[in-house]
Amino acid sequence: MHILKRTKSNVHPYVPELQDLYQQGRVSRREFLRLATLLGVSLAGAEALIGVAPAAASARARQAVVRGGTMTIATRVQRVDHPARFSWIEAANQFRQVCEYLVRTDWDNITEPWLLEKWEANETVDEWTLFLRAGIKFNDGTDLTADDVIFNFEQWLDPDIGSSMLGLMSYLKPENIEKVDDLTVKLHLDTPQIGVPEHLFHYPALIVPKTFEGDLVRQPVGTGPFMLEDYVETERATFVRREDHWRMGEDGSPLPYLDRLVFVDLGEDTAAQIAALQGGQVDNIYNPSIDVWQAVKEMPGVAVYSANTAQTFHIRMRVDQPPFDNVKVRQALKKCIDRQKMLDLAWFGEGVLGHDSVFAPVHPEYCEKEIPAYDPEGAKALLAEAGYPDGLEVELSTQQARAEPAMAQSLQETAAAGGFNIKLNILPSAQYWDIWTEVPLGITIWAHRPLGIMIPALAFTADENGVPGAWNETRWVDEEYVTLLRQAESTLDVEKRREIACMMEDIEAERGSCAIPFFTSVWYVCHERFKGVRAHPTNYDLFDEVWEEKA
Amino acid sequence: MSALSGGTKTAEKRPSRLRRLWGGFSIILESRVGTIGLCIIVFWVLVAIFAPLLAPRDPLSQDSDAINKGSSEQYLLGTDQLGRDILSRLIFGTRTILVLAPLSVLASVTVGTILGLTAGYFGGLVDEVVMRLLDAIMAFPTILLYLIIIAAIGPSAVNVVIAITFVGTPGIARLVRSLTLDIRTRDYIRAAQTRGEHPLYIMFVEILPNVRGPLIIDALLRVGYAIFAIGTLGFLGLGLPPPTPDWGGMVAEARKFIWTAPLNVLWPILAITSLVVGLNLFADGLREETTRYQ
Amino acid sequence: MFRFILRRLGFMLLTMFLVSVVIFLVSEVAPGDVARHILGQFATDDQVKLLRQQMGLEQPLYVRYFDWLVGNEWRLRNKVDMPLVYTKARPKDEIQWWAEESDGTLVQWKYKTSSGSLEQIRIAPDDSREVVDFEGWKTRDDGSQYFWGVDTAGHVVLWVKNVEGAGSGPAAAGRSLGTSGGQEYYPLKKGLLRGDPGISLRTNRPVGPTLARRLRNSFSLALIAFLLIMPIALALGILAGLREGSALDRSISLFSLITTSVPEFASGVFLILVLSFWLDLLPGASVFVDDTAPLQQPKLIILPVLTLTLAEVGYVARMTRASMVEVMNAPYIRTAILKGLPYRRIVFRHALRNALMAPITVIMLHVNWLVGGIVVVEAVFGYPGLGLYMLDSALFKDVNAIEAGAMVMVALAVGTQLIADIIYTFLNPRIRFT
Amino acid sequence: MRGPREVPILQIEQLAVAYATRHGDVAAVRDVSFEIHRAQTFGIVGESGCGKSTVAFGMVNFLGRNGRITGGRILFQGQDLVKRSELELRKLRGDRIAMVYQDPMQALNPAMTLGDQMAEVLIVHRSMKRSAAMERCKQMLERVYMPDPASVMRRYPHQISGGQQQRIVIAMALLNDPALLIMDEPTTALDVTVEAAVLDLINDLQNEFDTAIMYISHNLGVIARVSDEIGVMYAGEMVERADVKDIFARPSHPYTLGLLRCIPRLDTTKRSTTLQPIRGRVPSPTALPPGCIFEPRCPFARPACSHQPIPMREIQPGHWARCLYAEEILEHKDDLSDDMVNIIIGVAPKTDNGGPILRVKEAKTYYPVASKQIIGGQKQYVKAVDNVSMEAMPGRTLGIVGESGCGKSTLVKTIIGLEKLSGGEIEFMGMDISTPVSKRSEALIKDLQMVFQNPDSTLNPSFSVGYQIARPLRRFKTVPRNQVRDEVIRLLNMMRLGENYYGRLPRQLSGGEKQRVAIARAIAAQPKLVLCDEPVSALDVSVQAAVLNLLLEIQQQLGTTMVFIAHDLSVVRFFCDHLAVMYLGQIAEIGPAEAIYLPPYHPYTEALLSAVPIPDPSAEQKHIRLGGSVPSALNPPTGCRFHTRCPRRAMLPDGGAICEREDPPAQFDTDQHRIYCHIPLEELRKMEAVVTIEKEGPHVG
């Protein structure tokens with residue numbers, strides 16, 4: 001194939017192999033696309049490799065886009081200063097319309113180059129070369145160059161800025177960023193890392209010009225499709241269409257299609273948002289909570305989109321304290337979970353079931369396993385073996401938020417039959433945060449991450465002295481597991497990595513410290529007349545190709 | 001009071017006490033609004049007492065097959081967003097509110113009465129200091145004070161009681177103080193003073209019983225306010241943490257689903273409104289009748 | 001009379017002082033660590049400790065109180081040895097703390113953890129900005145080098161050169177700890193009394209402007225409601241009071257009693273249910289897409305105003321009625337009747353003025369309730385007013401915003417009481433002429 | 001004088017008024033008939049609750065929402081008012097019929113200037129322009145001797161004194177030259193000297209305007225002074241009606257006689273006269289006796305009295321009485337009612353010769369007041385009691401008399417320790433008691449007790465009578481614990497209340513009964529000295545007599561010393577052995593009671609005596625009136641405090657310049673009789689007696 005031939009010269013050596021695997025049916029289409037793009041092939045190129053038409057394009061072809069219109073989004077309008085320092089995904093979401101990322105992880109969890117033309121990794125995956133797309137301009141008229149990119153990397157890695165990128169990119173030191181030419185930057189990593197492109201789509205990784213002084217509201221300069229018009233903290237943020245965005249729409253003019261975006265803050269209570277959506281004062285509710293989803297899912301004129309994610313809630317047990325230092329007790333508790341029921345109660349069945357491993361079906365290296373059944377008798381037996389023939393009384397602590405209380409109650413109910421007498425200690429979030437790493441039994445939310453291996457690195461490792469990491473709330477450090485993890489972290493081959501993941505999943509299920517009953521879905525709630533809208537697992541609003549259908 | 005008056009309760013006083021109590025009751029029955037109010041209160045109190053018998057289901061148990069369902073044979077008033085029986089939650093919610101509201105009023109009446117008696121009876125600097133402090137608290141819009149306190153100490157049943165006590169105390173202290181200032185000039189207080197009675201005796205034995213009438217009416221109104229406050233705090237998400245059934249919280253939850261289950265929000269609204277109306281009617285009737293009798 | 005007002009003013013100031021103490025104590029001496037709260041679940045103890053230092057939480061309570069009330073830059077300038085100013089360095093900048101050099105150049109310092117050196121940010125009077133390496137370290141007797149300066153996040157900081165682990169706290173994920181690297185931190189404050197309520201923990205921007213905007217929104221809501229409530233309530237109350245015991249009186253009284261018994265959140269939600277959901281007449285939320293939204297779409301504020309009105313009309317009507325009844329039974333009304341005056345004259349010339357005296361004070365005292373109602377109504381309708389701001393701040397534990405907002409609200413409430421007192425003195429000649 | 005055929009201004013025929021209550025109609029006034037002629041004053045007298053005000057308001061059909069006229073006719077200038085429309089009545093009110101009320105402060109609108117309030121009468125009824133109306137008001141104010149009328153009209157009610165307020169109300173009533181003026185206790189709230197001036201004014205104006213006046217009062221003295229004809233009301237009925245002289249000389253209804261027998265007069269003392277209270281209580285209007293309404297209380301009642309209502313009948317021309325045996329009443333006027341026989345005070349009670357039991361030396365009680373300046377400024381004091389010296393002899397009664405604000409109550413409170421003494425000393429039985437009550441020993445506290453003025457506040461409404469009387473017994477351990485109840489019952493019996501009062505609550509008692517309980521409480525601990533602060537002022541005369549008798553009996557039995565405060569000179573004269581007259585915080589005159597009432601007088605005593613209304617139209621009184629009003633105790637006049645109002649200053653050289661400069665010296669008329677005045681004693685001795693009362697009439701010494 002022509003495309004294949006042309007690209008073959010500079011594609012990653014693993015790509016052809018991958019292509020074979022796909023043809024043998026050993027990797028799914030989605031996995032192929034994901035991995036190929038991860039290895040530097042553009043999405044369109046990757047799609048071409050396996051001979052499919054771009055899905056979005058075919059969908060769009062049915063209707064002609066219309067330009068103009070305003071979308072009003074209900075959200076919180078809070079703290080904005082340095083994008084590297086964003087701590088609110090709401091703020092990131094608003095300024096994502098002004099600034100863009102080097103890459104984009106799309107709705108299917110596939111990461112593709114964005115401001116980058118492409119990227120390349122060496123075979124040991126510790127050297128990454130980023131090729132910038134030429135001709136992209138900031139909205140103040142300056143060109144996007146390698147200097148800007150390096151400035152941003154430096155900001156992320158500057159401890160004085162305080163970006164969460166710093167923790168994520170612990171494998172990179174500022175002095176190891178090399179400017180190759182005006183459009184090329186090379187990263188020399190301390191350790192191999194396959195997740196670099198995913199990391200570049202972490203929400204604070206918005207690209208600002210090198211003249212940036214630290215306040216995005218005062219200096220709303222970016223390459224994105226919209227420009228900031230008005231920012232009233234705690235009230236609203238207004239954005240208007242930029243005329244010279246680098247991406248072209250279907251009609252051949254620059255994106256975006258919409259003229260204006262208005263983000264309005266209606267307070268903490270989502271009811272006002274729902275009322276506003278119903279009354280047509282807002283068209284979209286950002287990052288809808290479960291009750292918003294419930295309330296609007298059947299609302300006429302409102303479309304609800306959903307996406308699977310890897311967001312989950314760990315029912316986590318501290319292995320350095322009795323009774324959960326006994327692996328049998330842990331296994332018993334895992335058997336006490338009626339997963340489907342718990343998902344139904346806690347998240348209205350909107351999600352996929354888990355098997356006590358951090359690897360979720362959306363992760364590329366996910367290895368499918370059987371979902372453990374609800375087995376109170378087995379749990380009882382295990383408890384007896386562990387020395388608790390008359391059952392066991394434990395206290396379950398968690399915070400008063402989201403699904404946690406419902407999960408706790410469900411567990412309390414189903415575990416009673418398994419011999420566990422669970423007392424609930426449901427605390428306000430702030431109070432739970434004070435003790436979340438300390439309680440013997442708790443429920444903790446873990447956010448979505450694009451790769452499965454990203455979570456164990458945080459949750460189940462220790463430092464060189466054997467002290468469990470700061471986020472290792474269960475103190476579970478399994479030598480075999482950690483070895484496998486390190487191996488996986490430098491394994492680019494998704495198939496090989498899946499093999500490792502299979503073993504890791506088994507270890508987690510057998511002696512791991514967390515029961516992971518399900519992975520939740522996220523939703524996207526928007527008025528039906530807006531087209532080109534999809535739910536993104538990370539809840540990112542990507543409005544560049546959204547258009548409003550005129551009645 | 002009983003500690004101070006000790007042996008003064010003579011045997012022949014008891015029947016008169018009972019009679020007086022009944023007298024107070026019959027006064028209420030003379031007022032039609034008061035009677036209606038009393039009936040409403042008694043209704044809710046009975047509901048609270050017999051909640052476990054009256055509630056058809058466990059207020060916490062969830063039925064994932066019946067989410068936001070309307071009235072049915074199984075669920076008389078329907079179910080909420082978690083598939084819990086609204087009727088049962090309403091019934092158990094009565095307990096929450098009818099325990100917390102009177103409790104917090106009782107606490108503020110106790111503290112307020114002591115402060116008010118002291119300030120009113122001693123006057124002078126004591127009065128100045130106490131009243132200035134209480135004025136400062138009273139200068140706050142009530143909800144604001146609740147917000148600040150709950151924000152500081154976090155939402156929980158105990159903290160709600162603490163907040164309402166804190167907010168309610170100055171009003172009661174002021175009332176008691178003004179009554180005390182008036183009573184202090186009465187001749188029977190002078191008579192007690194000329195007998196060389198201890199200030200504590202005068203405050204708690206001579207003055208306190210005469211403050212009782214207006215204080216009871218005020219306390220009744222305050223129970224209404226407290227219910228109001230508990231409901232509002234629950235509504236604002238500063239009240240009792242879920243899943244405790246709490247009317248304000250139920251309104252807050254249910255109002256999100258007005259478009260799917262419009263009636264769900266109506267029941268807790270009706271419940272809280274009827275209870276406060278009942279209390280206000282009762283207090284009104286009581287006030288009207290006692291002033292008529294005086 | 002003048003003396004009376006002056007006295008009231010004095011009381012008001014005293015009250016405000018005590019209020020400030022109460023607010024400060026309640027919000028600052030609360031259980032739970034503010035720093036921990038800000039940094040969230042995943043912060044380490046070191047980070048929390050550093051933030052506590054940077055927020056000045058390690059200082060004694062009274063110091064924090066006075067800093068909060070009257071500011072501290074006049075005290076801290078001795079450490080830096082330069083005038084400290086709180087200003088917008090350039091017209092478009094955020095207001096910030098700077099040290100001012102004699103030629104008017106504004107400077108801040110920034111510690112580079114990587115190199116252990118200081119950078120100086122300089123903004124010349126002509127608005128030009130430059131960042132230069134700074135070598136002005138001072139030397140102690142033991143040879144160690146230190147420097148007192150102003151960092152970019154509004155602290156006076158003591159930096160020590162090349163000291164192992166010189167307070168270089170790790171930055172917390174997603175949360176600016178300002179510049180780290182200092183050994184001692186003193187957060188600069190202008191003080192509430194001098195017009196600076198500090199930085200919001202939620203938005204990381206000065207509370208002042210947000211507060212002002214929210215206050216304006218709430219004020220217009222309250223004003224409209226007030227203008228609606230007063231005539232209706234006074235008319236109802238006077239009518240009922242004049243016809244004491246009549247069917248009209250009883251229905252007005254019952255209506256008032258029931259409406260005052262319905263909590264605002266209940267009536268608000270009920271109105272949404274009826275007018276917004278069932279009849280589909282009015283929007284159920286107040287969405288302001290720009291500042292002029294309420295003018296362009298008056299529909300947006302009908303429901304909030306209606307809810308407030310419903311809650312307050314009954315109360316004011318009841319007060320007015322009671323006062324009217326009392327006045328109509330007063331001996332001087334008897335005198336007026338027995339003077340043979342026409343009924344209208346009795347009502348308008350003799351009764352009204354006296355009857356309005358009591359309610360006006362009570363009504364003004366009731367402003368506290370109105371404010372409370374506003375908090376709830378704003379929460380119900382998502383109206384961007386001060387009440388909603390306070391609620392959000394409370395939920396976020398945004399201490400600075402709560403403190404400032406509370407002071408503003410209390411000042412308003414106390415201020416209206418002062419106005420009520422003044423009106424009262426004008427209505428009541430007994431006070432006017434003593 | 002009027003001719004007999006002239007149409008009366010007001011003619012009331014069998015007026016009946018009822019009030020609707022929850023328990024049905026209550027007939028408040030029944031069968032009242034009388035007439036008033038031009039320039040005549042008809043006085044209605046009766047105790048509280050007898051329906052006199054109802055009659056007054058019935059005239060103008062102003063009976064409130066629940067009152068209505070149920071029968072009879074009200075002929076005003078020959079026309080019946082009863083069925084008149086509201087509009088017609090309104091046109092009469094304030095124009096042809098005007099009213100003056102008891103409490104002028106309450107009757108005036110606090111939020112309007114006095115000028116406006118007056119002028120609107122003219123504006124409404126006479127359609128006058130405001131300026132013309134104002135001018136007329138000013139003239140009227142001049143006629144009521146209002147100083148500086150123009151400025152008064154710009155003021156508000158609270159800015160002028162009570163006496164002036166009443167002048168305004170009277171002036172307002174007279175503006176339209178009404179045919180009928182109804183005055184409902186117009187002087188009751190006023191001090192005696194002010195009252196006298198207002199009564200003079202009413203007399204003057206009546207002569208000038210030829211108005212018919214209906215004058216209502218509970219005070220027989222006032223009624224005697226102002227009325228031409230009198231109607232006595234009892235329990236809603238008029239029981240006797242006659243010419244003023246006639247009624248006092250020949251009371252023909254047992255109730256009228258009873259009233260006259262229970263009021264002390266200026267010429268009577270406890271040694272010369274016994275007060276004879278009327279037994280029993282006024283019947284409740286819901287439970288009237290079937291026959292004569294006075295029958296249950298009547299000492300002359302016979303079986304026939306209780307059969308049917310008794311009609312009014314004319315026993316002599318112009319003298320009507322509602323009694324079957326009216327003609328016989330006068331024969332019995334000297335009979336003593338049976339329960340009073342034992343109190344005859346012939347001899348003075350035995351005295352220890354150990355000198356005074358209480359000695360007050362140059363006592364001062366000052367209250368600090370908030371300074372006028374906002375910052376700084378001299379602290380100011382109200383000098384409520386200033387340099388008062390007096391003694392009380394054991395077993396005797398010392399009376400203190402003076403107008404309101406003279407400091408008499410403060411003095412008593414200082415003695416008992418409720419107020420702090422600012423200077424001077426007080427000695428009780430040789431011990432210093434200058435300290436407040438909290439610092440006194442228990443024994444001392446026990447020996448000094450007090451009886452208070454207001455029967456409604458003297459008892460704690462929350463506790464039973466028994467408990468309250470027992471409290472001092474328990475506290476001072478007067479009797480052993482187990483005998484407390486018996487002792488309380490003994491005291492109750494002594495108070496003529498009986499054992500069944502033990503468990504009652506104060507609200508179940510009448511005013512007189514409450515006061516008796518209060519007295520029982522005061523004497524329970526057997527004190528040596530009882531301070532009585534106007535104990536009978538708030539009581540109706542018949543009750544007052546009973547309480548006074550009770551106090552006398554106690555003193556007789558227990559030998560208790562008493563200090564007795566009153567503003568009523570007749571009561572003090574009757575009750576006390578010694579008397580102090582106070583003016584503005586100081587003593588004007590002190591001495592044995594008899595001596596006070598005879599020359600030499602302090603000029604203030606003289607003025608007081610000449611102002612006392614005497615319930616005897618034949619008594620002669622000198623006409624001395626005080627100008628101005630009592631100065632503020634915050635800034636009392638220098639020198640003699642009375643100099644600003646003293647009518648006798650002219651007796652001194654240069655118009656009494658010395659009075660303004662120097663404190664008046666104490667001049668000893670006799671050993672015990674001191675007069676604080678600059679006028680030489682010889683001059684004072686030359687004064688005539690103020691009051692001359694014929695030793696006739698119904699009272700017999």
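Domain bounds, as used here, come from an automatic or database domain assignment. In the predicted model, chain A is assigned four such stretches: domain 1 covers 1–56, domain 2 covers 99–199, and domain 4 covers 308–520. The centres of domain 3 of chain A and domain 4 of chain A, taken over C-alpha atoms, are separated by 35 Å. Where these two domains touch, domain 3 of chain A contributes 4 residues and domain 4 of chain A contributes 6 residues. On the domain 3 side of this contact, 2 residues are nonpolar and 2 are polar, while no charged residues occur.

Chain C is likewise divided, with domain 1 spanning 41–194 and domain 2 spanning 207–433. A distance of 47 Å lies between the C-alpha centres of domain 1 of chain C and domain 2 of chain C.

Contacts also join separate chains. The contact between chain B and chain C involves 42 residues from chain B and 40 residues from chain C. On the side of chain B that touches chain C, at least two residues are supplied by each of the following helices of chain B: H6 (124–138), H7 (142–153), H10 (199–236), H11 (247–254) and H12 (266–293). The most is given by H7(B), with 10 residues. Sorted by class, the side of chain B that touches chain C holds 29 nonpolar, 9 polar and 4 charged residues.

Methods
Residues numbered from 1 in each chain as written. Chains lettered and ligands numbered in written order. Predicted model: local features only at pLDDT ≥ 70, side-chain atom pairs only at ≥ 80, totals over all residues. Contact = placed C-beta atoms within 7 Å. Nonpolar A, V, L, I, M, F, W, Y, C, P; charged D, E, K, R; others polar. Helix = DSSP H or I, 4+ residues; strand = E, 2+ residues; numbered from the N terminus.
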